[in-house]
Amino acid sequence: MKPKRKSISYSKWGYIFILPFFISFFIFSFIPLADTVRYSFYEFYRSGIKEIGPNFIGLENYKSLLQSDMLKYAGNTFILWIIGFIPQIVIALLLASWFVDIRLKIRGKQFFKVVIYLPNLIMASAFAMLFFTLFSTNGPINSIFMSIGIIKKPIDFMGTVFGTRSLIGLMNFLMWFGNTTIMLMAAIMGISTDIFEASEIDGCNSIQRFFKITLPLIRPILAYTLITAIIGGLQMFDVPQILTNGQGTPDRTSMTLIMFLNSHLKSRNYGMAGALSVYLFIVSAILCFIVYRITNNNDPDGSKAAARKSKRARRG
Amino acid sequence: MDVKIKKSDHVRTVIAHVVLVILSFLCLFFFYILVVNATRSHSDLQKGFSALPGGYLIKNFLSVANDGTFPMFKGILNSLIVSGCSAAICTYFSSLTAYGLYAYDFKLKKIAFTFIMAILVMPTQVTAMGFLRLITGMGMYDSLLPLIIPSIASPSVFYFMYSYLQSSLPLSLVEASRIDGCGEFKTFNRIVLPIMKPAIAVQAIFSFVGSWNNYFVPALVIQSKDKMTVPILIATLRGADYMSFDMGKIYMMIMVAIVPIIIVYLLLSKYIIAGVTLGGVKE
């Protein structure tokens, strides 16, 4: 009777519903990004109370950043990240495979999961402040070590490059291994139990099972974990900033890229901050692209690629 | 053969327990020292470490509460306002966006979805400079608003909500509500939101915690002491002339920054741990 009714278009509601997201993104992310890129080509900073610029200088900011300590800070960021990440991924893989292994009778699984995830939710800055007080020369850790008799003199943890970097690595490890464990556990639980049973019948031991079955099958999630961890590492700020009071002591060996950016922003050195942001943006855009490929992969377990490969092999 | 397998499993079980106990010890030990030291007086703390708590808990607490230079409780209140509002608008608008992209067909749908997925893990730090200039221009410098409003656009929360809708909202339900004469907004608020409650709860917790712990942007935006959130106060504490302070009070300050989250976590740990993996990659 009313054939028109069928053709009511609801599409305008789709636009209305997604509008707030995109307006907010446009105002608070896109305009700032465009502004950041724009000023990266300008001489624009504040010396004292005088504002200098903005004068267009082309790629000068990018060049002078390359000549500054930026690459050293990139190296620092990488070192600080890797000394936390390696133990994190190893322990997480180990724990995840133990937690899902039904033949291991682990008691209090839920308790352990709750405890290892706990540090992930702790305020990183408060955690760093806590470590700063605990590991200071007259702090409780030194006092415990001395009373047990391991050391005679207090250790100046934050006075040495090795000590500071290890502390930052330890904090990052503690904060993230629980999260990774739970992610990987879900991945391993997604593997069909038939495969494990078949491997058992074939006489596979637990080490073979881990390397030949579990690891290859959770590869997509492992890749996702790796890339998101790299992005997280690139953003490393709170822990080293608070631990070293923004100085990256000793001798700026624990200064990360974002700490460098922060110091430029604090001193209102907009041109340099802009250029540094653009460098960071390019790196994170590449990483984002990889994450996008992983999350939108229609060949998640690599089986199609493997099939193509074997087809080629048979032909060749 | 059978016996041998059982034996090796037994050994592995023992090793697993030892490793787990060591790791749990590492996770809890530092917080244990924190709690113990927050109950001791400055002079006690100078004498060295003791595993047993002292009797200064309330005294330290009061001296933190009455400190004008580090308004910790005002900071907690500010943090609560920022985190609470962020969690609320972030989950509401992410659900709305997810529903908009899930339930409707329109021309730009695919582009919009691809775009959000592309910025899923983009760090906010890269736009911090422009952000700072923008909010200064808008007159929102040194106010709590710029810490709250941008959370309307949270791609990762959106992705979580979208996955959840895919698994739990049949489109026939939306059709049915249309036939019953329910408007589109009403359908979302009355029918879709209640269905999404579990997802909203999980994401509200995560965005609350994320906002509570956030330090980089608030430290750039907030200047005046009475607007500072907890992480900035901790940073100010670190930057202050530290050695002249009452150590018991410092431990207590760190404790009041950490403990609220720990309590919430212990109460909701079951949901939080289940929620960690849901936002990850699809299997």
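**Figure 1. Chain B is built from 14 helices and zero strands.** Read from the N terminus on, the elements of chain B follow the order α-α-α-α-α-α-α-α-α-α-α-α-α-α. Taken along the principal axes, the C-alpha atoms of chain B fill a box of roughly 75 × 75 × 35 Å. The radius of gyration of chain B is 24 Å, whereas a compact globule of 283 residues would have one near 19 Å. Of the 283 residues in chain B, 42% are buried. When contacts in chain B between residues at least 6 apart in sequence are considered, 78% of them join residues at least 24 apart.

**Figure 2. Chain B is assigned two parts, domain 1 and domain 2.** Domain 1 of chain B covers residues 2-61, and domain 2 of chain B covers residues 69-240. The C-alpha centres of domain 1 and domain 2 of chain B are 36 Å apart.

**Figure 3. Chain A contains 14 helices and two strands.** Chain A has a radius of gyration of 26 Å, well over the 20 Å that the globule rule gives for 316 residues, and chain A is therefore more spread out than a compact globule. Along its principal axes, the C-alpha trace of chain A spans about 85 × 75 × 55 Å. Buried residues account for 40% of the 316 residues in chain A. Among contacts in chain A between residues at least 6 apart in sequence, 70% connect residues at least 24 apart.

**Figure 4. Strand 1 and strand 2 of chain A form a hairpin.** Strand 1 (residues 42-47) of chain A pairs with strand 2 of chain A in the antiparallel sense, over five bridges. Within this pairing, A:Tyr42 stands opposite A:Phe56 in strand 2 of chain A, and A:Glu43 stands opposite A:Asn55 in strand 2 of chain A. Two residues lie between the strands of the hairpin, where A:Gly48 takes a positive phi near 70 degrees. Does strand 2 of chain A lie largely buried or largely in the open? Strand 2 (residues 50-56) of chain A has seven residues, of which the number buried is zero, so the strand lies largely in the open. In a regular strand, side chains alternate between the two faces of the sheet.

**Figure 5. Chain A and chain B touch each other.** Here 82 residues of chain A are in contact with 79 residues of chain B. Which element of chain A gives the most to the side that touches chain B? The element is helix 1 (residues 11-39) of chain A, which gives 18 residues. By class, the side of chain A that touches chain B consists of 57 nonpolar, 20 polar and five charged residues.

Figure 6. The average pLDDT of chain A is 86, and 91% of the residues score at least 70. Where pLDDT is low, the predicted coordinates should not be read in detail.

Conventions. Residues numbered from 1 in each chain as written. Chains lettered and ligands numbered in written order. Predicted model: local features only at pLDDT ≥ 70, side-chain atom pairs only at ≥ 80, totals over all residues. Contact = placed C-beta atoms within 7 Å. Helix = DSSP H or I, 4+ residues; strand = E, 2+ residues; numbered from the N terminus. Nonpolar A, V, L, I, M, F, W, Y, C, P; charged D, E, K, R; others polar. Domains from an automatic or database assignment. pLDDT = per-residue confidence, 0-100. Buried ≥ 20, exposed ≤ 12 C-beta atoms within 10 Å, placed from the backbone. Pairing = 2+ DSSP bridges. Rg over C-alpha atoms; globule rule 2.2 N^0.38 Å.
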